[in-house]
Amino acid sequence: MRTVRGLPLWVELVLLPGLNLLAALLVAGLVVVLVGEDPIAAVALLLYGAFGYGEAVGYTLFYTTNFVFTGLAVALAFHAGHFNIGGEGQAYLGGLGLALVALNLGDLPGAVAVPLAVAGAALFGGAWAVVPGWLYARRGSHVVITTIMMNFLASALMTYLVVNVLIKPGQQIPETDIFAEAYWLLPLAPLLAPFGIDLGRSPANLSLLLALACSVAFAIFVWQSRPGYELRVVGRSEPAAIYAGIAPARVTILAMTLSGALAGLLAVNEILGSQHRLVLGFTGGYGFVGIAVALMGRNHPVGIVLAALLFGALYQGGSELAFDMPKISRDMVVVIQGLIILFAGALEHMFRTPLETLLARPATGH
Amino acid sequence: MSARGQARLVPAPAIELRGISKRFGPVVANDRVDLVIEAGTIHGIVGENGAGKTTLMNIVYGYYQADEGTVLVEGRPCPIARPVDAIRAGIGMVHQHFMLVGAFTVLENILLGAEGGMTLRDGLRRMRAELGRLAREHGLEVDPDARVEDLPVGVQQRVEILKALCRGARILILDEPTGVLTPQEADELFRILRVLRAQRRTIVLITHKLREIMAVTDRVSVMRGGRMVAHRATAETSREELAELMVGRRVQLRPDKRAARPGRTVLEVRDLEVIDDRGVRRVKGVSFEARAGEIVGIAGVAGNGQSELLEAIAGIRAPSRGEVRLSGRASPRSAEGRPGGLGHVPEDRLRMGLVATMAAAENAILGYHRRPAYSARFLLRRRYIHATCAGWLERYDIRPRAPTLPAIAFSGGNQQKLVVARELEHDPDLLLVGQPTRGVDIGAIEFIHARLVALRDSGKALLLVSVELDEILALADRILVMFDGRIVGEVAAEEADERRIGLLMAGITAEAA
């Protein structure tokens, strides 16, 4: 199978992102040289920090899980023709949904408690994204603008709620009471220990499996289902959708809801899997990085999982790097991320055209 | 001295192309093209879409650079890197889509790009004098102070020609100039071209309409698949021969068609009024009907409400007044999707009829995807869809036979055949057809026309909208002419002639004439 522009699929999905990544790392290496460190040593340290020992792997997988959720969220909206910049706010609200379940329903059997909390997260994340979806369908308001504004609203709302309403009584720290243990997601470490895999004290938890399940469901929904078909038609050509009797407004709202729900699931990993209570700012920018993950993963779940792993490794390895190389700060890791986004997104055509000519030449020969 | 004397005996050709090649990635748009255009002639270049005519002329005008080959203008090698170079060499181009500023006057448009100084006063005075001179010499009368957007399309085109002439063009390239004109406006254009020829100017006419080639050119060159395949003196060739050269095999320009035997009324349109997105009334109270077993053609210059009429009948655009009845039932409004029994080949296939980046198989179910055959409650029946599409590709000879290939990767003719296949295979009682052969090659036109006639003969009703009068005349059993949102006349096929319909298309009704 060939893609639209005539590149074989493996080039599109493997070679091209690989080249972009390589170019980004080369430039990042130059920056490392500029600040006076050895780039080879830095890469070695980064890789060791991300994959070198069990606990590092655990942390990498934990961050990866976050990026899978937010990456899928961006990609789903993208297939419907929208750029959902609001993953951050939707994830934040997801945390509220799950906290309301956990704090109000209290002690339940784990098999009931966790699914309820997960549903709460998806519901609240989805509901937060319905607003931009509805505004677009109803009034044509641009989703990029409205989702960004909704991020600010989410931040203000959550600060108010956590500081004034949900805060654990009798303390100054802006966070809720610890949830009942029924809501704690099983960490992966004890599950994998019998197989000789040691993830140390890392927070990696069952959410990883949920993220992978969502990836599979994403692929089935988008490419195999009728609503997914309608969603893609709307995303690629609204006139064609109207011609085919598909209502773009309804499909847009559906796509935004599902997108927000996926973003909301970030809270499952962060809170049910690690914090076990609602804290301020737990979304930590993962919602925004999800844009880069989706971009780099070409809006396909396989690509998104791989890109999420890359960003997860950068996050984890980067913090080790910042710790061990004094001249490299945490911001350096952000620079590397920025370079990857630049090369994978804005400059993606840099290698595309030469590759096209290179691969097309044999075809014109005969 | 002697060389000069000889040059006067045999004047150098206006344009000579030697071995021009141009590639776009893997596509060879022009393959070692040689062409000689004699000064003071009208030279036609014909070819199907994608044959490379427009690419070739864009090289001459400096939009593209040839990969190989040389361009000679009036006998001298002339490197043309940008349009400015072409203008300097005396070449002017009139595009298919006019390059005019609607809100400017004729004079201002002509001055555009040739202002000559900080203040416009001198330039305007100079141009006004020049315009007057050209008007007297060529009979190109235009009011220099009229706003361009208020002028009819034919006059706007005249402004484009004047613009080129005012820049000193001795060689004029016209790309599909009659696409937007009524037959009468086209005749007027041809008159102007003949006057220009009489003044020793050279005209290059790019078109796919063989009628025009025969009517106005002195010589004609045929392109096929990026190559120049034949040069002919127009007087010594025929439409049939040119069509054959363009396609590479014998073609039938008009489908075989027996007289229609209309049956029951399938479509009833009563007092329909449609308002477009900008609030303009585009269809102003239209009533007609279409019966089983007939093709009703709607002729008209583009933009006279035909598109909106078609969309309203298809349920895509809600009418503001009036009603559409399909087989006696009121047809549902847009939100509920396309009414059953209604097929629709839309005017703009790449915007509406297909999703360009989706696979042929996915396009094969567009609009029918909710049918149980194609989807269970939730999942699409992908294998069945794929097999169905593969069958159509075979039976409608759509190439390449690749259901997974995105629609955009097919040629215009094959894309249109895919749309036609989809709409015919779902057995409509009424088929709406908008511009079925726009941007479609002759071979595919022949095929599509035959299929539409076969559908009629199987007792279905067809409503055909086309701005190609030839197409209407070839297919329709009954012709309605639309002008300014109204049906201004009806002509039976056997009484139809180009002149009469042309007058109606220009809004001149029998009573007014």
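Between domain 2 and domain 3 of chain B, 13 residues of domain 2 are in contact with ten residues of domain 3. Helix H15 (residues 442–457) of chain B gives the most to the domain 2 side, with six residues. That side divides into eight nonpolar, two polar and three charged residues. The centres of the two domains, taken over C-alpha atoms, are separated by 25 Å. The model is predicted. The domain assignment of chain B gives domain 1 as 10–247, domain 2 as 252–341 + 428–513, and domain 3 as 354–427.

Domain 3 of chain B spans 354–427. A cis peptide bond joins Arg399(B) and Pro400(B), with omega about -5°. Pro400(B) is found in the loop between helix H13 (382–395) and helix H14 (412–425) of chain B.

Two open sheets of chain B were examined in turn. One has four strands in the order E2-E1-E4-E5, and the pairing is antiparallel. Its edge strands are E2 (27–37) and E5 (76–77) of chain B, each pairing on one side only. Helix H2 (residues 53–60) of chain B packs on this sheet. H2(B) touches strand E1 (15–24), E2 and E4 of chain B, and its direction makes about 115° with that of E1(B). Strand E4 (residues 68–73) of chain B pairs with E5(B) over two bridges, in the antiparallel sense. The bridge partner of Val73(B) in E5(B) is Arg76(B).

The other sheet has four strands in the order E12-E11-E14-E15 (chain B). Its pairing is antiparallel, and the sheet is open. Strand E12 (281–291) and strand E15 (329–330) of chain B stand at the edges with a single partner strand each, so one side of each lacks a neighbour in the sheet. Helix H10 (residues 306–314) of chain B packs on the sheet and touches E11, E12 and E14 of chain B. The direction of H10(B) makes about 120° with that of E11(B). E11(B) and strand E14 (residues 321–326) of chain B pair over five bridges in the antiparallel sense. Across this pair, Glu273(B) stands opposite Arg321(B) in E14(B).

Strand E11 (residues 265–275) of chain B also holds Asp271(B). Asp271(B) is not a glycine, yet has a positive phi of about 50°. With 12 C-beta neighbours inside 10 Å, Asp271(B) counts as exposed.

Asp484(B) likewise has a positive phi of about 50° without being a glycine. Asp484(B) lies in the loop between strand E19 (478–483) and strand E20 (486–492) of chain B. E19(B) and E20(B) form a hairpin with two residues between the strands. The two strands pair in the antiparallel sense over six bridges. The bridge partner of Phe483(B) in E20(B) is Arg486(B). Asp484(B) has 14 C-beta neighbours inside 10 Å, so this residue counts as partly exposed.

The largest nonpolar core has 256 residues. Those with the most contacts inside this core are Leu265(A), Val60(B), Ile91(B), Leu464(B) and Val481(B). Helix H3(A) gives the most to the core, with 15 residues. In soluble globular proteins, nonpolar side chains tend to be buried together. Residues up to four places away in sequence aside, Val60(B) touches Ile15(B), Val71(B), Ile80(B), Ala86(B), Ile91(B) and Ile173(B).

In chain A, helix H9 (residues 226–236) is largely enclosed by the rest of the structure, because eight of its eleven residues are buried. The buried residues of H9(A) are Gly228(A), Tyr229(A), Glu230(A), Leu231(A), Arg232(A), Val233(A), Val234(A) and Gly235(A). Within chain A, these residues pack against helix H3 (54–79), helix H8 (207–224), helix H10 (238–243) and helix H11 (248–264). They also pack against helix H12 (360–363) of chain B.

The contact between the chains takes 26 residues from chain B and 22 residues from chain A. Helix H11 (residues 349–353) of chain B gives the most to the chain B side, with three residues. The chain B side divides into 14 nonpolar, eight polar and four charged residues.

Note on methods. Residues are numbered from 1 along each chain as its sequence is written. Chains are lettered from A and ligands numbered from 1 in the order in which they are written. This is a predicted model: local features need pLDDT of at least 70, side-chain atom pairs count only at pLDDT 80 or more; totals for chains, interfaces and linings use all residues. Two residues are in contact if their C-beta atoms, placed from the backbone, lie within 7 Å. Ala, Val, Leu, Ile, Met, Phe, Trp, Tyr, Cys and Pro count as nonpolar, Asp, Glu, Lys and Arg as charged, and the others, Gly among them, as polar. A residue is buried if 20 or more other C-beta atoms lie within 10 Å of its own, exposed if 12 or fewer, and partly exposed in between; C-beta atoms are placed from the backbone. Two strands pair if DSSP finds at least two bridges between them. Axes are lines fitted to C-alpha atoms, for helices over the stretch in contact, and angles run from 0 to 180 degrees between N-to-C directions. A nonpolar core is a set of buried Ala, Val, Leu, Ile, Met, Phe, Trp, Tyr and Cys residues joined through C-beta atoms within 7 Å. Domain bounds come from an automatic or database domain assignment.
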